[in-house]
Amino acid sequence: MASLIEIRNMCKIYNPGENEVRALDHVSLSIGKNEFVAIIGHSGSGKSTLMNMLGCLDVPTSGIYLLHGSDVSLMTDDELSDIRNKEIGFIFQGFNLIANLTAYENVELPLIYRGISKRERSSLAKEALRKVGLENRMDHKPSEMSGGQQQRVAIARAIAQAPPVILADEPTGNLDSHSTKEIMNILKTLHSEGRTVIIITHDNDIAANADRIVHIEDGKITSDSANSGNLSREDIDREIKAGTSQSDFANVATDYEDSETEAETKAFEINEEMTYTDEADTNEVQKEDDYDIPDAQVEDTENNIDLHLNGEN
Ligand SMILES: Nc1ncnc2c1ncn2[C@@H]1O[C@H](COP(=O)(O)OP(=O)(O)OP(=O)(O)O)[C@@H](O)[C@H]1O
Ligand SMILES: [Mg+2]
């Protein structure tokens, strides 16, 4: 049976020509349903590039990506957008919450885009926030929450509609050790509930939470092995044969910027036109009034509301 994720001989070259960067260099990787995989490597090794491919946020220069056995390169933009919305929950280092929305509204927003009724949105958003232990913070805005709480809101947003795959790029990069532990416990729980969890990190301790550790260096997978769960940190260091000492990792975390990358923006954007079917609460979906979202337009036609996002249409 085909793997959930099957990457074959994938290359990604940025700036082809003289100054080209080979960010992925003939990468092949299969990930099955309900695996918990850590992709580890030092800064610039190609982790985020690989995550962007896995999340259908960018296209490779060459190679094949089969998701559920389907060739991603043959999919239309709308189909890709659909996959990003329904199949994958994205978690990034910088949380990517909308500052003027409460925790509840941040979690609810993608559900509005997906045309889910208000009643179901409420139940999904509350359940997701409860799962991450934030039932008492639903009305708080991001500025009123700690970094760990903000990341938990981002996780609640990612899991609200139960996507089968969770893709997390340095989800604990901005967090202290206590919050890091909380976030990792949440990811472990999601895995134990049947999700496929893929976490990208430069931190061996974080990677040690996963069942499988894939090491990437200079765009190449240099090792891929099961994590027995009984390994000490030293064992893991040895096992991943990183060729990169712990001290090389030490300064990486401070290199990050909080600013959103193009991929992060794309992960939460809806390309297709969403039609909201009439229900008792139809007129309560007033995007521009309720939520101050740039470039969003709403057309309230007779029994449905069309959301046009990102200036499209
Ligand atoms: N949009 C881009 N244009 C040109 N080069 C890029 C682009 N994005 C990434 N790169 C380069 O590709 C290589 C891999 O980058 P990538 O972001 O995947 O690394 P990373 O492993 O995620 O690093 P970090 O741990 O610092 O986040 C790096 O050399 C980087 O400079
Ligand atoms: Mg990165």
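Phe-36 has Val-197 as its bridge partner in strand 8. The model is predicted: local features need pLDDT of at least 70, side-chain atom pairs count only at pLDDT 80 or more, and totals for chains, interfaces and linings use all residues. Residues are numbered from 1 along each chain as its sequence is written, while chains are lettered from A and ligands numbered from 1 in the order in which they are written. Strand 3 (residues 36–40) and strand 8 (residues 196–201) run parallel and are joined by five bridges. Strands (E, at least two residues) and helices (H or I, at least four) are DSSP runs numbered from the N terminus, and two strands pair if DSSP finds at least two bridges between them.

Both strands belong to an open sheet of six strands, whose order is 6-7-8-3-9-10 and whose pairing is mixed. Strand 6 (88–92) and strand 10 (220–226) stand at the edges with a single partner strand each, so one side of each has no neighbour in the sheet. From one strand to the next, the twist averages 15°. Angles here run from 0 to 180 degrees between N-to-C directions, and axes are lines fitted to C-alpha atoms, for helices over the stretch in contact.

## The end of the sheet at strand 10

Strand 9 (residues 212–217) pairs with strand 10 in the antiparallel sense, over six bridges. Arg-212 has its bridge partner in strand 10, namely Ala-226.

Strand 1 (residues 5–14) and strand 2 (residues 21–31) run antiparallel and are joined by seven bridges. Two residues show how they line up: Ile-5 has Ile-31 of strand 2 as its bridge partner, and Ile-7 has Leu-29 of strand 2. Six residues lie between the two strands, 1 and 2, in the hairpin that they form. Asn-15 in this turn has a positive phi of about 50°.

Strand 1 also pairs with strand 4 (residues 62–67), in the antiparallel sense and over five bridges. Here the bridge partner of Cys-11 is Ser-62 in strand 4. In a regular strand the side chains alternate between the two faces of the sheet.

## Helix 3 and its two partners

Helix 3 (residues 103–113) packs against helix 4 (residues 118–131) at an angle of about 130°, and their axes are 9 Å apart. That makes helix 3 oblique to helix 4. Under 35 degrees counts as roughly parallel, over 145 as roughly antiparallel, 65 to 115 as roughly perpendicular and the rest as oblique. The contact is made by Ala-103, Tyr-104, Val-107, Glu-108, Leu-111 and Ile-112 from helix 3, and by Arg-121, Leu-124, Ala-125, Ala-128 and Leu-129 from helix 4. Residues are in contact if their C-beta atoms, placed from the backbone, lie within 7 Å. By class, the residues of this contact are nine nonpolar, no polar and two charged. Ala, Val, Leu, Ile, Met, Phe, Trp, Tyr, Cys and Pro count as nonpolar, Asp, Glu, Lys and Arg as charged, and the others, Gly among them, as polar.

Helix 3 also packs against helix 5 (residues 147–159), at an angle of about 25° and with the axes 8 Å apart. Helix 3 and helix 5 are therefore roughly parallel to each other. In this contact, Ala-103, Asn-106, Val-107 and Pro-110 of helix 3 meet Val-153, Ala-156 and Arg-157 of helix 5. The contact of helix 3 with helix 5 has five nonpolar residues, one polar and one charged.

Ligand 1 has 15 residues around it, and Tyr-14, Ser-43, Lys-47, Ser-48 and Thr-49 come nearest. A residue is near if its C-beta atom, placed from the backbone, lies within 6 Å. Strand 2 and helix 1 (47–54) are the elements that give two or more residues to this shell.

Helix 1 gives the largest share, three residues. The shell around ligand 1 divides into four nonpolar, nine polar and two charged residues.

Key. Two residues are in contact if their C-beta atoms, placed from the backbone, lie within 7 Å.
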